[in-house]
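Subject: Structure for your attention

Dear colleague,

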Amino acid sequence: PANPAPSAAILTMLAAGTALAEEAPDFTAVDKDRDGYVSRDEARSAPQIMELFARVDANKDNQLSTAEYMEAVKQLQG
C-alpha cells in the first residue's frame, strides 16, 4: 500500500513519549510558592522530576531554576 498503517512498535513509541511528556507537570504547577524555583519539597509533588533532581541541579543549590527544570523534562522525554 502507498500509505501503510503505522506499526505497533511505532504506536507504542509514540504513546510512551506522550506519556512521559504528560507525566512532567508544568514548572508553574510545581513552583507552589511562585518564587521562580522548584525546591526539593516542591519537587516531591512531581516524582519523575524528583528522581532527576540531583542530576539537573547544575549549581547544587537544592532548587531548580526554570532552565534546570526544563532540562529534567527534556531528559524525561528522551
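The notes that follow describe what was found in this structure.

Please keep in mind from the start that this is a predicted model. The mean pLDDT of the protein is 82, and 71% of its residues reach 70 or more. Confidence is lowest in helix H1 (residues 8–23), where the mean is 51, and highest in strand S1 (residues 38–39), where it is 98. Over residues 17–21 the pLDDT falls below 50, and this stretch has two contacts in the model beyond near neighbours in sequence.

Overall layout

The protein contains five helices and two strands. Their order along the sequence is α-α-β-α-α-β-α. Of the 78 residues in the protein, 27% are buried. The protein exposes about 5,200 Å², and carbon and sulfur atoms supply 58% of that area. Among contacts with a separation of 6 or more, 38% are between residues 24 or more positions apart.

The nonpolar core

Which residues of the largest nonpolar core touch the most other members? They are Val38, Ile49, Leu64 and Tyr69, and this core has 15 residues. Helix H2 (27–30), helix H4 (47–56) and helix H5 (66–77) each supply at least two residues of the core.

Leu64 deserves a separate look. Leaving aside neighbours within four places in sequence, Leu64 is in contact with Phe27, Gly36, Tyr37, Val38, Ile49, Phe53, Val56, Asp57 and Tyr69. Two residues of that list, Phe27 and Tyr69, return in the next section.

The aromatic pair

The count comes to one aromatic pair. The rings of Phe27 and Tyr69 have their centres 5.3 Å apart and their planes at 85°, an angle over the 60 degrees required, so the pair is edge-to-face. The pair links distant parts of the chain, since Phe27 belongs to helix H2 and Tyr69 to helix H5, 42 residues apart. Are these two residues buried or exposed? Phe27 has a relative accessibility of 10% and therefore counts as buried. Tyr69, with a relative accessible area of 1%, is buried too.

Ala43 and Arg44

Ala43 lies in helix H3, whereas Arg44 is found in the loop between helix H3 (40–43) and H4. Ala43 has a relative accessibility of 0% and so counts as buried; Arg44, at 52%, counts as exposed. The cut-off for exposed is over 50%.

Leaving aside neighbours within four places in sequence, Ala43 is in contact with Val30, Val38, Met50 and Phe53. The C-alpha atoms of Ala43 and Tyr69 are separated by 9.8 Å, and the two residues are 26 apart along the chain.

How many salt bridges does the structure hold? There is one. Arg44 forms this salt bridge with Asp41, and the closest N and O atoms are 2.4 Å apart. Both Arg44 and Asp41 are exposed.

Two residues with positive phi

Finally, please look at the loop between H4 and strand S2 (63–64), where Lys60 is placed. Most residues other than glycine have a negative phi. Lys60 is not a glycine, yet its phi is positive, at about 55°. Asn62, also found in the loop between H4 and S2, is likewise a residue other than glycine with a positive phi, in this case near 60°.

Where do the two stand in terms of exposure? Lys60 has a relative accessible area of 56% and is therefore exposed. Asn62, with a relative accessible area of 45%, is partly exposed.

Yours sincerely,
A colleague

How values were computed:
Residues are numbered from 1 along each chain as its sequence is written. This is a predicted model: local features need pLDDT of at least 70, side-chain atom pairs count only at pLDDT 80 or more; totals for chains, interfaces and linings use all residues. Side-chain values use heavy atoms; hydrogens and water are left out. A nonpolar core is a set of buried Ala, Val, Leu, Ile, Met, Phe, Trp, Tyr and Cys residues joined through side-chain atoms within 4.5 Å. Buried means under 20% relative accessible area, exposed over 50%, partly exposed in between (1.4 Å probe, protein chains only). Helices (H or I, at least four residues) and strands (E, at least two) are DSSP runs, numbered from the N terminus. Contact means heavy atoms within 4.5 Å. A salt bridge is a side-chain nitrogen of Lys or Arg within 4 Å of a carboxyl oxygen of Asp or Glu. Rings of Phe, Tyr and Trp (its six-membered ring) pair if their centres lie within 6.5 Å; planes under 30 degrees apart count as stacked, over 60 as edge-to-face and the rest as tilted. Accessible areas come from the Shrake-Rupley method with a 1.4 Å probe; for residues, only the protein chains shown count as cover. pLDDT is the predictor's confidence in each residue, from 0 to 100.
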